[in-house]
Amino acid sequence: MRLIVVSNRVACPKGDEPVEGGLAAALVPAVRTSGAIWVGSSRKPTSAAEKEGFAQMEPLGRGAVVTIGIPSEQFSGFYEGFANSALWPAFHSRTDLISTNVEHYVSYREVNALIARPLLRLTRPDAMFWVHDYHFLTMASELRKLGIVQPIGFFFHTPFPSRDIILSLPHHSELIQAMLNYDLIGFQTDADLENFADYLRQELNLTGNANVFTTNQGSTRLACFPIGIDVEQFAEQAVTSASQPEAARLRSCLQGSKLVIGVDRVDYSKGLLNRLRAFDQLLQCHPEWKRAVTFLQIGVPSRGKIPVYRQLQREVASLVGDINGRHSEVDWIPIRYLNRGFSRASLAGFYRAAHVGLVTSLNDGMNLVAKEYVAAQNPLDPGVLVLSRFTGAAKQLDAALVVNPHDIDGVSRAVVQALGMPAKERRERWDAMMETLKSSSLDMWFSDFVSNLAECPRAERCAWTPDVASTPVRSRQLELTAIP
Ligand code: F6P
């Protein structure tokens, strides 16, 4: 069987290089061991003339990574435009931040079509396609248009919000109808699945039976597959990294103070400002913790061409400066803010050194940082995870201190509780979380999805064309609006 995995961001890391993004970091080991072919965009400026070519094919363990060049102007409308200024805010319930236009939507549809075409060269009769994330909602309809009858699955790494939020998304009906060309759609949580099913029932008048929705173009099954991590590998990495100079330097500069750690892309969904305010509150209300605690926040720059992300970068830097200015002493700084990415090996060592892992996402599909923090702990003296209830991870890791990230006092109190938690309680909570992580690992996520996909029929699907959308802005929009 040949598995073809598709995601916007791919990675073929050399040695210890940082891998950007939770999705790519999770797929690297899965592709290495499964032998899948992993296809994504090259993210390098490409001219229109080169657009149909494979930019590169590189081996990755037993598998391979194929990158496809996308002309720059289309990539920007697709990535900064429709994907990250319409879909991302909508899926993270920030309808106030939706900012897009029909040009962006056209680019989005074109890039889906453009990545679909070279996939034909990789397919075989026994192939299966697994498409990842909100960048490629219409990929299956493009593949069906090209005659692909093999099973095509899709996995939502983001949340899928309630119907009234999706209604704010331009072109929502076309997009969701196009998704019915997938045989299997996977979600992180039951709530995400329920929201999607509710949309199908209420907006498209479909009736599902045991989460299978059948239209005249075939059947689509919805199922929940919470993504995991390679627990043993990450735990071993943490032991190794803890003895490396970088982690040793971190521990020695703490001078006996306890460490709280946060690691995120600088994204409004991560609740960074709330987190910093909660830490500020802690220092104001509990002066006994001054000099006795340090907060290390790693903020990986993200989507810097989008104004709302640049604005957030400035706000985070300014709030860190403000808090440090008010609380620092000549020989102590409360917040160390590192505005760059680190390799997973380095992060594993930092997590192990930290007494508290702090995750305050306002909305997050899963949040693998929470899982990695737990896996990296010393079993005899584990740290405590303070975890937002609005993450997929909180549905599984209920032995964490689960918080409402909008409740600044509550988060601050939870961090104080975590800092003072007795070893016995820390061990009990950690044991419970490790058991959950081991029973829902990355391997299981991958093989569970793939075996469910393999059960889907390989039958020709009827073409199905929803209403043509808005007035064409460019001639090529006409051919794109018809979704088979
Ligand atoms: O679905 C979320 C996700 O794909 C994550 O896996 C990842 O952290 C992030 O989005 C990557 O975003 P980008 O590719 O825009 O940096």
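Domain 1 and domain 2 bury about 1,900 Å² between them in this predicted model. Of that area, 63% lies on carbon and sulfur atoms. The size of an interface is often given as the accessible area lost when the parts come together. In domain 1, three residues lose the most area to domain 2: Glu80, Trp88 and Ile227. Together they account for 24% of what that side buries.

The two domains follow the domain assignment of the protein. Domain 1 is made of two stretches of the chain, 2-227 and 443-481. Domain 2 covers 232-439. Their C-alpha centres lie 31 Å apart. The contact takes 25 residues from domain 1 and 24 residues from domain 2.

The polar side of this interface was examined next. Across the interface, the rule finds zero salt bridges. Polar contacts do occur there: six residue pairs were found, with both residues of a pair at pLDDT 80 or more. On the side of domain 1 that touches domain 2, α1 (22-34) and α2 (72-91) each supply at least two residues. The largest share of that side comes from α2, with six residues. By class, the side of domain 1 that touches domain 2 has 12 nonpolar residues, nine polar residues and four charged residues.

The ligand site comes next. The residues around the ligand include Gly21, Gly22 and Leu23. Asp133, His157 and Thr158 are also among them.

For tyrosine 79, a polar side-chain atom lies 2.5 Å from an oxygen atom of the ligand. For arginine 9, the corresponding distance is 2.8 Å. For arginine 265, an N or O atom of the side chain is 3.5 Å from a ligand oxygen.

Salt bridges were also counted over the whole structure. The structure holds 20 of them. One joins aspartate 331 to arginine 291, with the closest N and O atoms 2.7 Å apart. This pair links distant parts of the chain, 40 residues apart. Aspartate 331 sits in the loop between α11 (307-327) and β13 (335-338). Arginine 291 sits in the loop between α10 (272-285) and β12 (293-300).

Terms used: Residues numbered from 1 in each chain as written. Predicted model: local features only at pLDDT ≥ 70, side-chain atom pairs only at ≥ 80, totals over all residues. Heavy atoms only, no water. Domains from an automatic or database assignment. Contact = heavy atoms within 4.5 Å. Buried area = accessible area lost by both parts, 1.4 Å probe. Salt bridge = Lys/Arg side-chain N within 4 Å of Asp/Glu carboxyl O. Polar contact = N/O pair within 3.5 Å; in protein donor to acceptor, adjacent residues only side chain to side chain. Helix = DSSP H or I, 4+ residues; strand = E, 2+ residues; numbered from the N terminus. Nonpolar A, V, L, I, M, F, W, Y, C, P; charged D, E, K, R; others polar. Near = heavy atom within 4 Å.
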